[in-house]
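User: I am new to reading protein models. Can you take me through one, feature by feature?
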Amino acid sequence: MADDPATEILDATYRALCEHGYANLTLQDIAAEADASKSSIHYHYDSKDQLFVTFLDDLYERFTDRVDSPEGNTPNEQLEELLQVLLTTDAEPPLREFRTAMLELKAQAPYNSTLQERLTDFDEFLIEQLREILAAGMDDGEFDDDIEPARDAEFLATTITGAQTRHVTINQSSDQLYDTMTKYIERHLLADEQPEAGR
């Protein structure tokens with residue numbers, strides 16, 4: 001993959017995005033990261049917009065690979081693992097830089113329908129993952145019968161997104177919110193009586 005120029009350009013886009021942010025990012029910045037010329041980028045991508053659409057498509061595949069089928073023997077363990085992957089990242093400065101750049105991209109989405117469509121894919125995938133886990137937990141008797149998987153999945157996704165935004169904008173600890181959310185799950189989503197192991 002490293003020998004594929006188009007792939008290297010996407011990798012360079014990630015590095016340049018983290019360093020410069022979206023608003024100030026130029027094709028020359030990406031070319032410098034890729035150790036290539038602007039003309040070589042134009043050979044693979046007609047414009048910065050087309051490059052970012054391809055970049056988001058590639059990022060979507062990585063995101064879905066990362067959060068699809070979280071580890072855990074029970075739905076609750078899978079939910080906690082998913083939250084841990086998405087929230088407990090305070091010790092990773094490069095990821096915080098990336099989230100900052102993604103926040104800039106999200107700010108452009110209301111004015112760019114193509115960006116909006118790509119970012120909507122991320123949101124819908126996360127909500128569906130959460131909904132499936134909650135529904136499986138209800139079927140197993142691990143989660144309360146009164147929860148509504150679709151509604152609660154949207155609430156959790158909104159909270160996760162808000163936590164990531166707060167982490168970027170005011171340096172709020174996402175680890176702290178992870179602890180808060182696990183307590184919320186215990187109090188509001190888990191059934192009062194848990195099924196016996198092996199049932």
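User: Let me start with one residue. Is Gln 129 buried or exposed, and why?

Analyst: First, keep in mind that this is a predicted model. To judge burial, look at relative accessible area: under 20% means buried. Gln 129 has 8% relative accessibility, so Gln 129 counts as buried.

User: Where is Gln 129, and what is Gln 129 in contact with?

Analyst: Gln 129 sits in helix α7. Set aside the neighbours within four places in sequence. Then Gln 129 is in contact with Val 67, Asp 68, Ser 69 and Pro 70.

User: Now the whole chain. How many helices and strands does the secondary structure come to?

Analyst: The count is nine helices and zero strands. Read from the N terminus, the order of elements is α-α-α-α-α-α-α-α-α. The C-alpha atoms fill a box of roughly 65 × 30 × 30 Å along the principal axes.

User: What share of the chain is made up of buried residues?

Analyst: Of the 199 residues in the chain, 39% are buried. Look at contacts too. Take those with a separation of 6 or more: 67% of them join residues 24 or more positions apart.

User: How do I read the packing of two helices? What is the angle between α8 and α9?

Analyst: Check the angle and the distance between the axes. Helix α8 covers residues 149-169, and helix α9 covers residues 174-189. They pack at about 165°, and their axes are 10 Å apart. An angle over 145 degrees counts as roughly antiparallel, so α8 is roughly antiparallel to α9. Their crossing is right-handed.

User: Which residues in α8 and α9 meet?

Analyst: From α8 come Asp 152, Phe 155, Leu 156, Thr 159, Ile 160, Ala 163 and His 167. From α9 come Ser 174, Leu 177, Met 181, Tyr 184 and Leu 189. By type, the residues of this contact are eight nonpolar, three polar and one charged.

User: Next, rings. How many aromatic pairs does the structure hold?

Analyst: There are seven aromatic pairs. One of them is Phe 52 with Phe 55. For any pair, read the centre distance and the angle between the planes. Here the centres are 5.8 Å apart, with 75° between the planes, and the pair is edge-to-face.

User: Where do Phe 52 and Phe 55 lie in helix α4 relative to one another?

Analyst: Helix α4 spans residues 48-67. Phe 52 and Phe 55 are three residues apart there, so about one helical turn separates them. Both Phe 52 and Phe 55 are buried.

User: Which parts does the pair of Tyr 60 and Phe 125 tie together?

Analyst: Tyr 60 and Phe 125 form an edge-to-face pair, 6.1 Å centre to centre, with 80° between the planes. Tyr 60 lies in α4, and Phe 125 lies in α7 (residues 113-140), so the pair ties together parts 65 residues apart in sequence. Ring pairs also link Tyr 60, Phe 63, Phe 122 and Phe 125 into a cluster.

User: Are Tyr 60 and Phe 125 buried or partly exposed?

Analyst: Compare each value with the cut-off. Tyr 60 has 26% relative accessibility, so Tyr 60 counts as partly exposed. Phe 125 has 17%, so Phe 125 counts as buried.

User: One last residue. What does Met 102 touch?

Analyst: Met 102 is placed in helix α6 (residues 93-108). Not counting residues up to four places away in sequence, Met 102 touches Leu 56, Leu 59 and Leu 119. With a relative accessible area of 9%, Met 102 is buried.

Notes. Residues numbered from 1 in each chain as written. Predicted model: local features only at pLDDT ≥ 70, side-chain atom pairs only at ≥ 80, totals over all residues. Heavy atoms only, no water. Axes fitted to C-alpha atoms, helices over the stretch in contact; angles between N-to-C directions. Helix = DSSP H or I, 4+ residues; strand = E, 2+ residues; numbered from the N terminus. Parallel < 35°, antiparallel > 145°, perpendicular 65-115°, else oblique. Left-handed = near helix turned anticlockwise from the far one by under 90°. Contact = heavy atoms within 4.5 Å. Nonpolar A, V, L, I, M, F, W, Y, C, P; charged D, E, K, R; others polar. Phe/Tyr/Trp six-rings, centres within 6.5 Å; stacked < 30°, edge-to-face > 60°. Buried < 20%, exposed > 50% of the residue type's maximum accessible area, 1.4 Å probe, protein only.
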